[in-house]
Amino acid sequence: MTAYKSKMVERIHLPAREEREANLEAAGYNVFNLDSDSVFIDLLTDSGTGTMSDQQWAALIRGDESYAGARSFHNLESAVEDVMGFPYVVPAHQGRGAENILYGALVDEGDTVLNNTHFDTTRAHIANQGADPVDCPVPEARDLDAEGDFKGNFSIEEGRKVVEEVGAENVPAVVLTITNNSAAGQPVSVENTREVREFCDEIGATFVLDACRFAENAYFVTQREAEFTDSSVAEVAREQLSYADAAVMSGKKDGLSNIGGFVACNDETLFEQVKQRGILYEGFATYGGMSGRDIEALAVGLREAVEEAYIADRVGQVQYLGQLMAEEGLPVFQPIGGHAVYLDAGEFFPHIPAEEFPGQALVCELYREGGVRCVELGSFAFPDSDRPELVRMAVPRRTYHKEHIEHIVETAKEVWAHREEVTGLEITKEPEMKEIRHFTAELEPRA
Ligand code: F0G
């Protein structure tokens, strides 16, 4: 049951099949090169692409654009304190800006940082410090079909092994990414969060929560963790965040805003260090690269993100999409995550080898068939890794309706029906940095 009605609409359009064919070819078979006007349903990301509420739009008008001491910043501080429980906040233009100012303060050259699974930008910022980002997911995170309520959890056992190898003094931080985006959006339990807290105390590391999707994670906890079935999402969010020393946040996800982010923490010394880096890289400490109106929208969005009706509707829609596809026999990663459904392109196209990018072939087919734009997270985006050939369908918040969801499922069914005819792709042009080639590389179908 939806908790919203529309007050403003945006026209979208499904181009004719010949146009979609031509668009794909002109884009070099890379959907990052498509104009958004030629996309019917855009599932490229759930980041900054959601719909703001009337309350957020109203708050925009109240934006205080003062360079220093802006009222809007104090509203953000109050929201972060009320919803997340942290007294200190340093604003940033988005999540990766927050990562830069936090990890630059915490991490030195030669260090090792542990994470349940590093998101791309997190990995890049740790590496940029000259440190080594190491993933410690639980084993079932890598298994598409494994059962498990909390496949996003951090493996303390793996973490211990790494600490034994590199020495606790070289591990300044342990990060827990909730939900675990790079492990199919799987949630992390509060129990595991407590274990990570103990582990950090044991090795003397700072405990950082990557809280981008903290509300979606809290919702799963209320559904799946026995201790919390009678708790509200807001209570669980506070509880889970209370174990961390600091949080790094992209407001573009569970801040329900189109831009923005921040670092929040409990410790005054860390706050001072991060604040100085914030001034250097993001902007003065009361705006951090955001306009006052963006800050207002984020402050309201954070509070809305833990409202029961919102979050049940949000996660429910993603589950609905995944369940419809699973019922049709399509290969979807189970259990379905909080912000996205992941398709296994390896199962769609067992005849396409990894070097011909089955995931990218699926992304192209989904656009060709129904104007649906998704993102490849397999051998095209992660060269030289043995990751499964996943395609992510990330659902923007409060944006699409049941009819759109049904169109996505119909599109995927059409592709499944002619899967044996689909051929692989080869790269015709790629940038120097292989790690980010999927954003701009061009390809063509193999003959
Ligand atoms: N951490 C996680 C877990 C993320 O998913 C993202 C962004 C970031 C940090 C960086 O935040 O984009 O505001 O700079 N994820 C987006 C995605 C881009 O599509 O999953 P940002």
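# Reading pockets and salt bridges

Modeller: The largest pocket holds about 1800 Å³ of space. This is a predicted model, in which local features need pLDDT of at least 70, side-chain atom pairs count only at pLDDT 80 or more, and totals for chains, interfaces and linings use all residues. Residues are numbered from 1 along each chain as its sequence is written, and side-chain values use heavy atoms, with hydrogens and water left out.

Biologist: What is a pocket, and which residues are closest to the centre of the largest pocket?

Modeller: Rolling a probe the size of a water molecule over the atoms shows where empty space is left. The search uses a 1 Å grid over the protein atoms alone. A cavity is a set of points where a 1.4 Å probe fits but cannot get out. A pocket is an open set with protein on both sides within 12 Å along at least five of seven lines. Lining residues have an atom within 4 Å of a point. Grid points are joined across faces, edges and corners, and a volume is the space filled by probe spheres set on the points. Here, 49 residues line the largest pocket, and Thr51, Arg398, Thr399, Tyr400 and His401 are the closest to its centre.

Biologist: Which elements give two or more residues to that lining?

Modeller: Helix 2 (54-61), helix 12 and helix 15 do. Helices (H or I, at least four residues) and strands (E, at least two) are DSSP runs, numbered from the N terminus. Helix 12 gives the most, with eight residues.

Biologist: How do the residues of this lining divide, and which domains do they come from?

Modeller: There are 18 nonpolar, 16 polar and 15 charged residues. Ala, Val, Leu, Ile, Met, Phe, Trp, Tyr, Cys and Pro count as nonpolar; Asp, Glu, Lys and Arg as charged; the others, Gly among them, as polar. Domain 1 (17-39 + 308-445) and domain 2 (54-305) each supply at least three residues of the lining. Those domain bounds come from an automatic or database domain assignment.

Biologist: Where does the second largest pocket lie?

Modeller: It lies between domain 1 and domain 2, because both give residues to its lining. About 1500 Å³ of space lies in this pocket. Of its 46 lining residues, Phe119, Asp120, Ser182, Leu377 and Phe382 are the closest to the centre. The lining has 22 nonpolar, ten polar and 14 charged residues. Helix 5 (120-128) gives the most, with five residues. Strand 11 (375-377), strand 12 (390-394) and helix 16 are also among the elements that each supply at least two.

Biologist: Take His438, in helix 16. Is His438 buried or exposed?

Modeller: His438 counts as buried, at 7% relative accessibility. Buried means under 20% relative accessible area, exposed over 50%, and partly exposed in between (1.4 Å probe, protein chains only). Contact means heavy atoms within 4.5 Å. Leaving aside neighbours within four places in sequence, His438 is in contact with Asn30, Phe32, Phe380 and Ala381.

Biologist: Where do the partners Arg314 and Glu216 lie?

Modeller: Their closest N and O atoms are 2.9 Å apart. Arg314 is in helix 12 (residues 308-327) and Glu216 in helix 8 (residues 214-224), 98 residues apart. Both are buried.

Biologist: How far apart in helix 15 are Lys413 and Glu410?

Modeller: They are three residues apart, about one turn of the helix. Their salt bridge has its closest N and O atoms 3.4 Å apart. Lys413 is partly exposed at 27%, and Glu410 is partly exposed at 42%. Elsewhere, salt bridges that share partners join Asp46, Arg213, Glu216, Asp254, Arg314 and Arg397 into one network.

Notes
Salt bridge = Lys/Arg side-chain N within 4 Å of Asp/Glu carboxyl O.
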